[in-house]
Structure formats: C-alpha cells, structure tokens
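Hi,

Here is the structure I promised to pass on to you. Have a look at it first, and then read my notes below with the model open beside you.

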Amino acid sequence: MALRFEVLGRFNRARAAQLTLPHFACQTPLFMPVGTQGTIKGLTTDQLEEIGCQIILGNTYHLALRPTSELIDELGGLHKFMNWPRALLTDSGGFQMVSLLHLADITEKGVTFQSPVDGKPMLLTPEESIQIQNRIGADIIMALDDVVRTTITGPRIEEAMYRTLRWVDRCIAAHKRPHEQNLFGIVQGGLDPVLRDICVRGLVDRNLPGYAIGGLAGGEDKDSFWRVVAQCTAALPEDKPRYVMGVGYPLDIVVCSALGADMYDCVYPTRTARFGTALVPEGVLKLKHNAMVNDTRPIDPTCACMVCKNYTRAYIHCLVTKDAMGSQLLSYHNLYYMLQLSRNLHSSIVEGRFPECYIIPDSNLCASRNSNVVRFLWQFPKGDVPEWVCNAMDVAGIDISSCCSS
Amino acid sequence: AGGAVFGSIVGGSNIEERKRCAQEVAVRNVSGYWIGGFGLGESMEERPSLLNAVTDNLPKDWPRMICGLGLPEEVLQGVAAGVDLFDSAYIYHLTIGGFALTFPLDRTEKNDYNYQLSDQGSDRTKINLRATVYRKDATPIVEDCCCYTCQNHTKAYINHLLNVHEMLAQILLEIHNTHHYLGFFRSIREAIKEGCFEQFQKKFVQSRREHLAADVVSV
C-alpha cells in the first residue's frame with residue numbers, strides 16, 4: 001500500500017477526500033486527463049500544472065509498443081521521461097481487448113493481440129501487464145481484467161468476471177513494487193447485479209489499496225450504467241478510493257460523485273476539443289459553426305482559464321478549421337473545465353453545499369460563493385432532465401425536483 | 001488610417017533593375033522598405049551584389065525588411081548588406097521536419113562537437129530528432145539553452161513524440177528553434193555593436209564549411 005485516503009467531508013453518499021500518492025497529494029473527486037502515449041495532446045506539463053491537473057493516465061498498451069517499457073525504465077520511469085512531477089496512473093492494457101476484439105484471442109493465459117506496428121502477435125498476461133507497469137512506474141497501476149462489452153449477454157460475462165478475480169491474484173503475485181505503486185482491482189460483471197456483487201466481494205477480500213468500477217462507458221444505456229455504479233459504490237469499502245473508468249461527460253461525473261465515486265478518466269474533453277467542440281456550463285459550444293465567425297466573446301464568460309481570458313470565439317473559429325493550435329487551445333479550456341468541475345465538487349462537498357450549487361440554477365448562493373460553479377442542470381433549460389438522472393439523484397438522496405419540469 | 005506603409009522593391013536577379021527600383025522607391029513617401037524576390041533561386045554568390053544594389057540606393061534612416069532569407073548564412077548576407085528585418089518560414093520548415101537548431105551561439109572558441117555521422121540530415125547546424133540514435137538520449141537539445149524545451153525535456157522524449165505523431169513534438173521543437181534563432185539575431189546585434197560583425201560572419205561561415213569538409217574526408 002502506497003497511498004493514504006482521508007475523507008474530509010460528505011454529503012449523503014458523496015465524499016470529498018485527500019488521496020495522498022507517492023508523487024502528489026490529490027483532492028477527490030478528481031478527473032484524470034488521458035495522456036495515452038506519454039503526453040496530453042498538445043499541452044505542455046507546465047500548462048497541465050497551471051490548470052491544476054493532479055494525475056494523468058498513461059496507457060500500458062501504447063507505451064509498451066512505443067517507446068517500450070524497458071526504455072522508459074532505463075530512462076528513470078515515465079515521470080522522469082515526460083517530466084511530470086505529479087501523479088500518474090497506468091491502465092493494464094485490458095481495455096484494448098474490447099476495442100480490438102476482432103484481433104484478440106482471450107484465454108486463461110492472457111490476451112493475444114496483433115501488434116498494430118508490425119503485425120506480430122503480442123501476448124499480454126496479467127504478469128506481463130504488471131511487469132510493464134512496474135517499469136513505467138506510475139503511482140497507481142491497474143490489474144489486468146477480462147473486459148466484456150456491456151452490450152453482450154450470456155455466459156461470457158460470468159466467465160470474464162471470475163477470470164478477472166483469478167487474474168487479480170496473478171497480478172498481486174507479480175507486483176514487485178507494492179510500496180511505491182498502488183495496484184487497483186477492477187470490478188467486472190456486466191450489468192448483472194449478482195455477478196457484480198460476487199466480484200466486489202472477491203476484490204475486497206484481497207484488500208487492495210483501491211478499486212475501480214470497470215466495464216462501463218461502452219454504450220450501455222444510462223439507466224443500467226448508474227445502477228451498476230450505485231451498487232458498487234454502496235458495496236465497496238468506505239475508506240478506499242473508487243475509480244469509475246472511462247467516465248466521462250460532466251453530467252455523468254456529477255451523478256457518480258453523488259453516488260459515492262471519487263476518480264474518473266475520459267478522452268472526451270480532449271477528443272471533442274480536436275473536433276472543435278468546447279465544454280461550457282450550458283452543454284457544448286461548436287466553434288466550427290458559422291455563428292462563431294463574428295462572436296467576440298470568450299468561449300465561456302464565466303471561465304477563468306488562459307484561453308477564455310485571451311482569445312475570442314471568432315479567433316478560435318478561424319483556428320479550428322485550419323490549425324493545430326485550435327485543438328490545443330480547446331483542449332486547454334476543456335481540461336480546465338473538467339478540472340474546475342472536480343475542484344468545485346470537492347469544495348462544495350467539504351463545505352456542505354453540494355446540492356445547492358449544482359441543482360438550483362438561479363441560486364444567489366451559487367453566484368456569490370463560487371463564480372465558476374458548473375451549473376450542470378442548466379443544460380436542460382426547459383427542465384427536461386433525463387429520467388436516469390432523476391432516478392440516480394433520488395438514490396443519492398438529492399432533491400432536484402426544482403429543476404425538473406415534470 | 002494609421003500604420004506605416006513600406007515600399008516594395010523588386011527587380012529579380014537584374015542588378016540594374018534592382019538599382020532603378022530602389023532609387024524610385026527611395027524618393028517616395030514611405031516609412032520603410034520591403035525587399036522582395038530573394039530566396040527564390042539566386043545563388044549565394046550572386047546575392048550580395050544584388051542586395052547591395054538595393055541597399056546602396058536606399059536612405060539610411062528607414063528600416064529595410066527582406067522576405068525569403070532564412071538560413072543563418074543568408075541572414076548574415078542580408079545583415080552585411082544593411083537589412084534590418086527578416087521574415088522567413090525557415091523555423092517552420094525545420095520544426096515540421098523534426099529538426100532542432102544546434103549551431104553554437106557562443107562567439108568564443110569552442111571545441112569540435114562530435115556529431116554522429118549516422119544521423120540523417122544532421123550537421124553542425126541542426127539535428128534530426130527522428131533519428132534512432134536519440135531514442136535513449138536523456139540530454140536536452142542544446143546543453144546550456146534556457147528555452148522551455150531544453151530546460152524541461154530530453155531528446156529521447158521528443159524522439160518518442162515524433163515517432164508516435166504527437167502534437168507536443170512540434171510545440172516543443174518550435175519553442176526551441178524560435179528561441180535559438182532569436183539568439184542568433186542577438187549575437188549579430190552584439191557583434192555589430194562591438195564593431196566586429198565582418199569577423200563574426202567570416203568565422204560563422206568558415207566553421208560550417210570546415211565541418212562539411214571534415215565529413216567528406218572521413219567518409
């Protein structure tokens with residue numbers, strides 16, 4: 001165990017905590033930008049520190065291909081290689097199993113991929129995944145899990161869940177640096193509450209430093225999604241971090257935090273930036289749209305980031321259609337937006353005002369206490385808040401009826 | 001409505017036309033001179049006389065700007081002829097190609113830098129960070145460079161970024177190349193102020209030619 005997790009405040013199931021890792025003391029709930037290949041697309045590590053990024057995710061699969069984990073190890077680990085002084089998390093490479101399934105063969109031994117670089121078969125075993133992650137040196141490493149798409153039904157899901165538990169034991173045995181790197185287990189089981197329960201209990205028995213809720217964010221309907229998160233957060237230990245992998249949209253993060261989750265990662269903010277889309281309190285703003293041509297306002301007048309302080313929508317509109325700098329500026333803003341969301345979640349829970357700032361659009365409380373509050377339900381000005389959000393918030397014990405027209 | 005207007009001087013590779021154009025523009029009411037049509041195929045040898053044909057016929061009190069001279073030796077030719085402002089896409093092309101400027105800015109005597117001959121496109125001016133020889137090189141592009149890139153990152157990291165086609169590679173290279181190139185211009189200004197520009201130019205050009213000669217011998 002190489003972390004400390006201290007809950008600083010609660011609101012019903014939601015918690016705000018300090019997660020102290022070897023390289024950085026983080027505040028949760030937190031969002032982790034995805035730096036797949038050892039970089040967040042187009043942003044320098046200075047800029048990432050500037051916007052308050054606490055922990056970045058690197059991908060074992062990609063880094064093992066290029067530049068290889070041996071090279072990273074030789075040069076002192078990923079922190080040193082990319083010059084990032086704060087925390088890092090690597091995933092196991094398992095998610096690629098789902099994305100590249102047509103090329104993968106999953107057996108009890110591990111997963112065979114076809115290398116996209118030279119076509120050679122690559123075998124990723126739990127042991128190999130942990131060895132690679134040991135070399136990369138991240139503060140948090142993920143156990144190799146047997147990931148199955150939530151849109152699949154049948155015995156495959158049960159097989160994958162039990163295999164995940166067997167593989168976690170192999171991961172634990174292979175882990176050479178438990179005092180420097182925290183191995184998180186991943187809860188699988190598809191959308192089946194019975195399977196999820198078995199998996200949670202199995203992982204908790206292994207007494208890991210932290211737990212992730214995996215196998216979601218893959219196209220399942222939102223109603224099933226929140227129920228799995230709710231079930232897992234209810235069953236996982238109070239005193240350990242809970243990481244919902246692959247989530248996501250600001251709305252999803254707020255709901256999951258209300259249900260008791262602490263950590264998130266998603267490519268969405270940076271990917272959508274590269275398509276010219278900015279995140280704003282009202283939802284999204286498409287900078288490529290013709291309406292932006294003459295718009296001299298910043299992306300978000302309430303945003304304090306460098307981009308909103310220095311550039312107009314009109315200027316960014318010009319760039320996004322022609323130059324990489326457009327994506328870079330939008331990535332900066334979008335990440336700032338997500339990180340500010342995390343900070344607001346943390347402080348609003350600690351200060352006991354979590355519901356007000358998120359639920360009541362016109363609250364003077366919000367305006368005076370926190371000018372950068374993400375008024376996420378402003379995305380639904382007509383009060384047409386999705387049913388899944390209403391149901392989830394109900395379970396979370398948060399009254400949002402004032403925002404719903406129905 | 002406000003703003004300075006510069007007069008354009010053209011004339012191709014024809015000394016007489018250059019002279020005539022410069023003389024005509026010089027009597028117009030402009031705030032400076034934009035010298036066009038260079039860097040389009042004229043040789044290093046013929047350029048100085050063409051440049052002088054222009055600048056000899058321009059008043060000393062107004063700025064002269066030139067487009068198309070980017071290589072350090074070309075810039076030195078422009079400075080020698082009395083040009084003040086330079087505009088080119090040299091840095092852009094270096095960055096896009098994965099190159100980083102490394103030529104010494106220090107005007108004191110420096111020992112020979114042992115460049116790997118296996119580098120593709122590397123010489124004493126610049127290195128190609130795509131080259132595999134940099135895969136594990138944990139040193140900055142230029143050892144005592146104080147740009148953001150050299151203060152924070154290694155050749156190995158930039159090599160990796162280039163290999164995986166990450167945008168950050170170009171950002172880091174552009175920062176360094178711009179910084180280095182502007183440092184070159186600072187050296188030029190200092191040399192002029194100290195009255196030893198001619199010497200500076202000679203030494204600079206000579207050191208590059210020596211290196212190329214050395215390469216030929218050792219191959």
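Start with Glu127(A) and Arg170(A), whose side chains meet in a salt bridge with 2.8 Å from N to O. Keep in mind as you look that this is a predicted model. Why is that pair worth a click? Over all chains, the count comes to 28 salt bridges.

Next, the sheets in chain A. A quick bit of background: strands of a sheet pair through backbone hydrogen bonds, and they do so either parallel or antiparallel. You can see both kinds here.

The parallel one is an open sheet of eight strands in chain A, and if you walk across it you meet them in the order S4-S14-S13-S12-S11-S10-S6-S5. At the edges sit strand S4 (30–32) and strand S5 (55–59) of chain A, each of which pairs on one side only. On average, neighbouring strands of this sheet are turned by 25° against each other, if you ignore direction.

Strand S12 (residues 210–213) of chain A pairs with strand S13 (residues 242–244) of chain A in the parallel sense, over three bridges. Which residue of S13(A) does Ala212(A) stand opposite? That would be Tyr243(A).

Helix H8 (residues 193–205) of chain A lies across strand S11 (182–187) and S12 of chain A, and runs at about 160° to S11(A). Helix H9 (residues 222–235) of chain A also packs on the sheet, where it touches S11, S12 and S13 of chain A. The direction of H9(A) makes about 165° with that of S12(A).

The antiparallel example is an open sheet of three strands in chain A, in the order S1-S2-S3. Here the edge strands are S1 (4–11) and S3 (25–28) of chain A, each pairing on one side only. The twist from one strand to the next averages 15°. Strand S2 (residues 14–20) of chain A and S3(A) pair over four bridges in the antiparallel sense, and Thr20(A) has Ala25(A) in S3(A) as its bridge partner.

- Thr28(A) and Pro29(A) are joined by a cis peptide bond, with omega about 5°; Pro29(A) is in the loop between S3 and S4 of chain A.
- Val247(A) and Gly248(A) are also joined by a cis peptide bond, with omega about -10°; you'll find Gly248(A) in the loop between S13 and helix H10 (250–258) of chain A.
- Asn12(A) has a positive phi of about 50° although it is not a glycine; look for Asn12(A) in the loop between S1 and S2 of chain A.

Over in chain B, pick out helix H7 (residues 167–193). H7(B) has 27 residues and reaches 40 Å from its first C-alpha to its last, close to the 39 Å expected at 1.5 Å a residue. After H7(B) comes Gly195(B), with a positive phi near 75°.

Finally, how do the two chains meet? The contact takes 17 residues from chain B and 23 residues from chain A. Between them the chains bury about 1800 Å², and 59% of that is on carbon and sulfur atoms. Which three residues supply more of the area that chain B buries against chain A than any other three? They are His160(B), Glu166(B) and Met167(B), which supply 30% of it.

There are also polar links to look for. Chain B and chain A share two salt bridges, and one of them is formed by Lys136(B) with Glu74(A), whose closest N and O atoms are 3.0 Å apart. Ten residue pairs are in polar contact across this interface. On the side of chain B that touches chain A, the elements that give two or more residues are helix H5 (148–152), helix H6 (155–163) and H7 of chain B. H6(B) gives the largest share of that side, five residues.

Conventions: Residues numbered from 1 in each chain as written. Chains lettered and ligands numbered in written order. Predicted model: local features only at pLDDT ≥ 70, side-chain atom pairs only at ≥ 80, totals over all residues. Heavy atoms only, no water. Pairing = 2+ DSSP bridges. Axes fitted to C-alpha atoms, helices over the stretch in contact; angles between N-to-C directions. Contact = heavy atoms within 4.5 Å. Expected span 1.5 Å × (residues − 1). Buried area = accessible area lost by both parts, 1.4 Å probe. Salt bridge = Lys/Arg side-chain N within 4 Å of Asp/Glu carboxyl O. Polar contact = N/O pair within 3.5 Å; in protein donor to acceptor, adjacent residues only side chain to side chain.
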